[in-house]
Amino acid sequence: MIKNKGFLDNKRKGFFRENYRESLDYIKDSRNFIYSIMIIFLSFSFIGFFVPAPPMLEARILEFIEELLRKTGGLSQLELIKFIFFNNIQSSFIGMLFGIILGIFPVIATVANGYLLGFVAEKTAEAGGISILWRIFPHGIFELPALFISLGLGLKLGTFILKKNKLKTLAIYLLKSIKTFIIIVIPLLIIAAVIEGSLIFLF
């Protein structure tokens with residue numbers, strides 16, 4: 001009985017290690033797409049920070065932020081962590097999955113998220129000085145890599161249309177993307193939610 005239990009434990013560990021390694025390899029193979037997403041994100045973050053938003057766009061963003069604050073106001077620390085996690089996992093997974101449509105959606109999501117971050121950073125710095133930006137830095141240490149990986153894989157997913165055997169390529173890309181999302185992205189988002197939720201609740 002003990003031997004069987006040890007064998008099963010080793011088998012599970014081996015299975016996890018193998019899939020973890022395959023997921024890391026897939027990220028490595030997809031690095032150009034992930035780097036592209038990072039460049040787009042950072043570019044629009046700088047635009048959001050340094051280029052004043054048109055009044056109509058600014059009003060819409062502020063309305064979105066106010067709605068988010070209303071939803072999270074009064075939540076306990078655990079509720080806040082759960083809210084952040086499920087919100088992030090939904091947006092990351094949708095961003096990846098909808099990459100099937102020629103990779104257009106991940107690019108749009110990257111532009112929107114990058115610009116929003118730059119906009120919020122600029123308003124934060126305007127209200128409390130540039131040094132206050134270091135206080136919001138920990139919020140993105142794990143969340144942004146998870147976002148970059150998800151949207152990068154989504155961008156790659158859309159390239160199946162350029163391959164000779166389209167359906168087979170799509171099936172392979174989709175399976176590997178979902179596996180990587182489960183094994184790599186979800187743990188990053190859990191850590192990100194705990195850190196961000198705790199920081200927001202405490203400060």
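Reader: Which residues does Ile-149 touch, not counting residues up to four places away in sequence?

Author: In this predicted model, Ile-149 touches Ile-27, Ile-34, Thr-180, Ile-184, Val-185 and Leu-188, with residues up to four places away in sequence left out of the list.

Reader: What is the largest nonpolar core, and which residues have the most contacts inside it?

Author: A nonpolar core joins buried nonpolar residues through side-chain atoms within 4.5 Å. Here the largest one has 30 residues, and Ile-149, Ile-184, Val-185 and Leu-189 have the most contacts inside it. At least two residues of this core come from each of helix H1 (2-29), helix H2 (31-50), helix H4 (77-97), H7 and H8. With nine residues, H8 gives the most.

Reader: How many residues of H7 are buried?

Author: Buried means under 20% relative accessible area. Twelve of the 15 residues of H7 are buried, so H7 is largely enclosed by the rest of the structure. Among the buried residues of H7 are Ile-149, Ser-150, Lys-156 and Leu-157.

Reader: What length does helix H7 reach from its first C-alpha to its last?

Author: An expected span can be set at 1.5 Å a residue. Helix H7 covers residues 143-157 and reaches 21 Å, close to the 21 Å expected.

Reader: Is Ser-177 buried or exposed?

Author: Ser-177 counts as buried because its relative accessibility is 0%, against a cut-off of under 20%. Ser-177 lies in helix H8 (residues 166-202). Leaving out residues up to four places away in sequence, Ser-177 touches Tyr-26, Met-96, Leu-153 and Leu-157. Leu-153 and Leu-157 are among the buried residues of H7.

How values were computed: Residues are numbered from 1 along each chain as its sequence is written. This is a predicted model: local features need pLDDT of at least 70, side-chain atom pairs count only at pLDDT 80 or more; totals for chains, interfaces and linings use all residues. Side-chain values use heavy atoms; hydrogens and water are left out. Helices (H or I, at least four residues) and strands (E, at least two) are DSSP runs, numbered from the N terminus. Buried means under 20% relative accessible area, exposed over 50%, partly exposed in between (1.4 Å probe, protein chains only). Contact means heavy atoms within 4.5 Å. The expected span of a helix is 1.5 Å times one less than its number of residues.
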